[in-house]
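I opened the notebook to log what I looked up in this model. The entries below follow the order in which I checked things.

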Amino acid sequence: MLRLTRYDKLLIIGLLAVALLCLGIVRYGVGRTDTVVVQVDGEEVIRASLVEDRRFWVDGPLGKTEIEIKGKRVRVVDSPCDKKICVRTGWIDKPYQTIICVPNRIVVRLLGSGDKDKLDGITG
Amino acid sequence: MDTQKMVRLSLLVSLATVLSILESQLPIPRPLWLRLGLANVITLIALMMYDIKAAVTVACMRALLAGIFGTLPMLAFSFPAALTSSLSMGVLYRVSGQRLSIIGLSVSGAVVHNLTQLMVAYFVLSLNRSSILALAPLLILAAVAAGFVTGLIARYVIRHLPPVRNWV
């Protein structure tokens, strides 16, 4: 059969519907986060709620990195590192988003609904 | 297997391999790892000319050869995908009994192909699994589009292939 049949159209429409549905679930189903975790050299040093606005400082090998929580978002305000990539990352507000400062060994990440109290990976 | 069939299948395998390698080297800007899957055209033609077995053989041989001449580690992704997509197209072709056209077959093959690769990624890369699964909708959308286009191409080719045209 070379002509487009009714069943072709049904199949294509069905697949598109499934894809859009999944897209909706991915976008809005898991799209909430309320906890930020700050790690220095892999060690968790701070776990904070996003609800409260606050500013704090974390000690890394190079010095103090300033982190700000405001309006359920997080950013690195200032850092003693060279390239300031962490500062230029700007605000993050979605699950699994991460700010990393390699020189100062600091990782700021937002927890997703999937990884509360669970390991997110093991490496050898 | 008679000689004619063997020669024809070998030609299809080499065509598919060349298409597959060419496609991965084309300097067309495209989003990262999304590809049209031109080799799928050849799998469809093998399916129309012969049967499931021919289609699966052509698809798997193509994946192996393209892997050897291209990037070998990619075989872990391309081979299972080639196997499942050609199998699914063959089974659907038989089960649907002409109710799905070659475009419907191509689209379903493309979707199965992408989802297989997603599954491989899910099991091979243990890193950040939830973000891998989050790619599923994007991959299905891309597969429907790519499958539609390769289906159109296959239809065009088959219309101009006398021996196949008489059998479809």
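I began with the contacts of chain B that have a separation of 6 or more: 69% of them join residues 24 or more positions apart. Two residues are in contact if their C-beta atoms, placed from the backbone, lie within 7 Å. I note that this is a predicted model, in which local features need pLDDT of at least 70, side-chain atom pairs count only at pLDDT 80 or more, and totals for chains, interfaces and linings use all residues. Residues are numbered from 1 along each chain as its sequence is written, while chains are lettered from A and ligands numbered from 1 in the order in which they are written.

Next, the make-up of chain B. I found eight helices and zero strands, in the pattern α-α-α-α-α-α-α-α along the sequence. Helices (H or I, at least four residues) and strands (E, at least two) are DSSP runs, numbered from the N terminus. Of the 168 residues in chain B, 40% are buried. A residue is buried if 20 or more other C-beta atoms lie within 10 Å of its own, these atoms being placed from the backbone.

I then looked at helix 2 of chain B. Because 11 of its 11 residues are buried, helix 2 of chain B is largely enclosed by the rest of the structure. Among the buried residues are B:Asn40 and B:Thr43.

I followed helix 2 (residues 39-49) of chain B to helix 4 (residues 75-96) of chain B: their axes come within 11 Å and cross at roughly 35 degrees. The axes are lines fitted to C-alpha atoms, for helices over the stretch in contact, and angles run from 0 to 180 degrees between N-to-C directions. B:Thr43, B:Leu44 and B:Leu47 in helix 2 of chain B meet B:Ser86, B:Met89, B:Gly90 and B:Tyr93 in helix 4 of chain B. I sorted the residues of this contact into four nonpolar, three polar and no charged. Ala, Val, Leu, Ile, Met, Phe, Trp, Tyr, Cys and Pro count as nonpolar, Asp, Glu, Lys and Arg as charged, and the others, Gly among them, as polar.

In chain A I looked up an open sheet of three strands, order 3-4-5, with antiparallel pairing. Two strands pair if DSSP finds at least two bridges between them. Strand 3 (54-59) and strand 5 (73-78) of chain A are the edge strands, each pairing on one side only. Five bridges join strand 4 (residues 64-70) of chain A to strand 5 of chain A. A:Ile67 stands opposite A:Val76 in strand 5 of chain A.

Last, the interface: 20 residues from chain A and 26 residues from chain B take part in the contact.

How values were computed
Buried ≥ 20, exposed ≤ 12 C-beta atoms within 10 Å, placed from the backbone.
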